[in-house]
Amino acid sequence: MTEQSPALDNLLTESRTFPPSEAFSAQANATADFYAEADADREAFWAKQAERLHWETKWSQVLDWTTAPVAKWFVGGKLNVAYNCVDRHVDGGHGDQVAIHWVGEPGDNRDITYAQLKDEVSKAANAFESLGLTAGDRVAIQMPMVPEAIFAMLACARIGVLHSVVFGGFSPTALRSRVDDQAARIVITTDGQYRRGKAAPMKVNVDEALEGAESVEKVIVVRRTGEEVPITEGRDLWWHELVDGQSAEHAPQAFDSEHPLFILYTSGTTGKPKGILHTSGGYLTQAAYTHHNVFDHKAGEDVYWCTADIGWITGHTYIVYGPLANRTTQVVYEGTPNTPHEGRHWEIVQQHKVSIYYTAPTLIRTFMKWGNEIPEKYDLSSLRVLGSVGEPINPEAWIWYRENVGANSAPIVDTWWQTETGGIMISPLPGVTATKPGSAQKALPGISAKVVDDQGVEVGKGGGGYLVLDKPWPGMLRGIWGDEERFRDTYWSRFADQGYYFAGDGAKYDADGDIWLLGRVDDVMNVSGHRISTTEVESALVSHPTVAEAAVVGATDPTTGQGIVAFVILRGNAVDGGDAAVQELRNHVAKEIGPIAKPRQILVVQELPKTRSGKIMRRLLRDVAENRQVGDVTTLADSSVMDLISSGLKSGK
Ligand code: ATP
Ligand code: MG
């Protein structure tokens, strides 16, 4: 590797650090020793973490990697995932503890204790069995954030059926392709869903999706909005008619540690969705271990809130499996953050005394855009740990989060992971790590990650390249449903000689050896031979006081190969998006990270195209920047955004 052409340039430096307070460290679940302990004997370390769970039969071998890249963890062990997340806590005398403070968008509430959760899950499991479902079958779930969605997932897990949750906002076509791919026997949905204060249809979309779908025998419908829906006789069943009358007794059967738990199609930021397959024992071990240590969760004391949708992996691992395995009391909120007003999240934090809050950078930047005065109005003093996931968090957004939400004291954990990894992989540990705004920092104890160059050789401090995972981990995907070749190609072929898992993300080490994630390698820009990450330019833009959000793409350029085109959303108080403002932003980037990164063009926009999990879809912006027909928009949260951007550009706004 030559000096002139690193795999990725390192442009942005950050010197602020925030060591943990002594008081926090003294009570923290994690300690600095974990790293050495895990390094000394990785398998023994994971075996110890697996002891957090109840195993009906103990494993005989921690890891079998002879079948790589398909791992077997806790070989020979048997457990029931739903028993671990529900019954175990009731048996342990905690049946009266609230598992879920459910908050509906229109203002309705439901508190569900662990004892009630056990009854609901058992009834649903009996109902599913009455329909003839057996272990290994697949059930597709397209529902908003209602408690029945969680009951349904756990009931599937309880009887060994694989669930596959599809975002509530996905189109009939997107649902259909996922149903067909896995040959789902049953689909569960609701009559409608609340979105931004209005009831929107759901069941009719499902009907449209399932026209002629051969694998589907039954559709179960949960009543939520109360609107009238067409019922197909012989196929459709109301949840309340099917489930409510069932017995609340259901004996959980133990399944093999490697029994499949679920399929989850990745959000499709970069193309055709992949059905990521996860199994039971290893996945649940990593979910519980990471939730306990990364969030410093204390059962029976904390009130936890993860704002993700259950249609995303974060909802699976950090609403359903990890928290419930750890006997968490959590908030589950159905709606959007600005319904009926922009302080909704803070109102909920105040009301339920939320102590751990886990959200995505996109939402943090949205809060910034709405203004500091909104969180200021609420009592957020219960918050003691803050988390971020989904995209690199820009340093300025991190600082805003710390100051305006975390009272300048709550540790922020920037957690890097993927649908494929099953659980958090790279993150600070609260109480242990001195945090740095914008960096996910270190692989967790028991996890190993490296930044390597094109040849797979680890780069040095200050060097940029590709993020790889060089050792197997318990929550790792076990394949892509029905497509083993794609599994090997996508993740294992890039660094086949070394046997590394290729994450598809760019990353760098800073001078201390901490890891910074720099966005997808597909998005890396090549400007006059410099390999520049979108993340660094976006972070430089967001560090300007007028900018709330930025998305950057490389567009073909006759002289430089690619030119940097930036799309920015201004903060609530910054109304002037004229030529002078744009010029100032271009100069600001040049000053922050160097003239090479100065955007060729900056366009002020009102919205950016995002997936339902809140990630910016840069490939669509690249289409706009290169004056092409905009590509596949089926996984966008709001497909009208692209029209808005294109028409705004044409009218010169
Ligand atoms: P697809 O793989 O279908 O394109 P996706 O990658 O958006 O979809 P996810 O598995 O939900 O689906 O997202 C994982 C990706 O999100 C990571 O590969 C990374 O690019 C990004 N990401 C998640 N957390 C972080 C983080 N803390 N810092 C930086 N990037 C993150
Ligand atoms: Mg991905």
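**Notes on a predicted model**

Me: Where does threonine 113 lie?
Reply: Threonine 113 is part of strand β5, residues 109–113. Strands (E, at least two residues) and helices (H or I, at least four) are DSSP runs numbered from the N terminus. This is a predicted model, in which local features need pLDDT of at least 70 and side-chain atom pairs count only at pLDDT 80 or more, while totals for chains, interfaces and linings use all residues. Residues are numbered from 1 along each chain as its sequence is written, chains are lettered from A and ligands numbered from 1 in the order in which they are written, and side-chain values use heavy atoms, with hydrogens and water left out.

Me: Is threonine 113 buried or exposed?
Reply: Threonine 113 counts as buried because its relative accessibility is 16%. Buried means under 20% relative accessible area, exposed over 50%, and partly exposed in between (1.4 Å probe, protein chains only).

Me: Which residues is threonine 113 in contact with, leaving aside its neighbours within four places in sequence?
Reply: Those are Gly95, Asp96, Gln97, Val98 and Ala99. Contact means heavy atoms within 4.5 Å.

Me: Switching topic, how many disulfides are there?
Reply: A search of the whole structure finds zero. A disulfide is a pair of cysteine sulfur atoms within 2.5 Å.

Me: What is the nearest cysteine sulfur to cysteine 156?
Reply: That of cysteine 85, 13 Å away. Cysteine 156 is buried, at a relative accessible area of 0%.

Me: Now helices. How do the axes of α4 and α11 cross?
Reply: The axes of α4 (residues 81–94) and α11 (residues 313–325) cross at roughly 55° and come within 8 Å. Axes are lines fitted to C-alpha atoms, for helices over the stretch in contact, and angles run from 0 to 180 degrees between N-to-C directions.

Me: Which residues meet there?
Reply: From α4, Val81, Asn84, Cys85, Arg88 and His89; from α11, Tyr321, Leu324 and Ala325. By class, that contact has five nonpolar, two polar and one charged residues. Ala, Val, Leu, Ile, Met, Phe, Trp, Tyr, Cys and Pro count as nonpolar, Asp, Glu, Lys and Arg as charged, and the others, Gly among them, as polar.

Me: And how many residues of α19 are buried?
Reply: Seven of the eight in α19 (residues 618–625), including Leu620, Leu621 and Val624. Just after α19, asparagine 627 has a positive phi of about 55°.
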